[in-house]
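The entries follow the order in which I looked things up.

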Amino acid sequence: MLKITPYDPAEFLNTKKLQKGYLDYVAKEGTPEELVEAIKTVARAKGMAQTAKKAGMARAGLYKALSPDGNPTLDTLKKIANAVGYKLNISFTPIN
């Protein structure tokens, strides 16, 4: 019987350059939900305990905010993004 190992992209994001490239790509091409998932993936690559500490929140709170049922506030998401080395900015442009 063939055993398939689950793919975990966090295992391959082992440099700041790869993490930045991944987040840049998802921020440009992905949906807001995909961006939250990408931030979660980079947080796991860096270590959830370390990310939570840098974000100024409990580790359990970080897991909850980034869970499928989580609904993090913009402020929380900005703190987490900052903790993984990414600045999250919101800009508005008129739709023509």
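This is a predicted model: local features need pLDDT of at least 70, side-chain atom pairs count only at pLDDT 80 or more; totals for chains, interfaces and linings use all residues.

Entry 1

Entry 2. I began with Arg-44, which forms a salt bridge with Asp-8. Their closest N and O atoms are 2.9 Å apart. I then looked up where the two residues sit: Arg-44 belongs to helix α2 (residues 32-46), while Asp-8 is in the segment before α1 (16-29), so this pair ties together parts that are 36 residues apart in sequence. Arg-44 has a relative accessible area of 31% and is partly exposed.

Entry 3. I turned to Lys-20 and found a salt bridge with Asp-24, with 2.6 Å between the closest N and O atoms. Both residues lie in helix α1, four residues apart, which is about one turn of the helix. I checked the exposure of each partner. Lys-20 is partly exposed at 48% relative accessible area, and Asp-24 is partly exposed at 30%.

Entry 4. I examined the salt bridge in which the side chains of Asp-75 and Lys-79 meet, at 3.5 Å from N to O. Because the two residues are four apart in helix α5, about one helical turn separates Asp-75 from Lys-79. Asp-75 is partly exposed, with a relative accessible area of 45%. Lys-79 is likewise partly exposed, at 42%.

Entry 5. I next asked which residues form a nonpolar patch on the surface. The patch consists of Leu-74, Ile-90 and Phe-92, and together they have about 380 Å² of accessible area. I followed up on Ile-90, which is located in the segment after α5 (74-83). Is Ile-90 buried or exposed? Its relative accessibility is 52%, and the cut-off for exposed is over 50%, so Ile-90 counts as exposed.

Entry 6. I looked up Lys-53 and placed it in helix α3 (residues 48-55). Lys-53 is exposed, with a relative accessible area of 72%.

Entry 7. Finally, I asked what separates the C-alpha atoms of Lys-53 and Ser-91. The separation is 28 Å, for two residues that are 38 residues apart along the chain.

Key: Residues are numbered from 1 along each chain as its sequence is written. Side-chain values use heavy atoms; hydrogens and water are left out. Patches are made of residues with over 30% relative accessible area and no salt bridge: like charges are joined within 9 Å, nonpolar side chains (Val, Leu, Ile, Met, Phe, Trp, Tyr) within 5 Å. Accessible areas come from the Shrake-Rupley method with a 1.4 Å probe; for residues, only the protein chains shown count as cover. A salt bridge is a side-chain nitrogen of Lys or Arg within 4 Å of a carboxyl oxygen of Asp or Glu. Buried means under 20% relative accessible area, exposed over 50%, partly exposed in between (1.4 Å probe, protein chains only).
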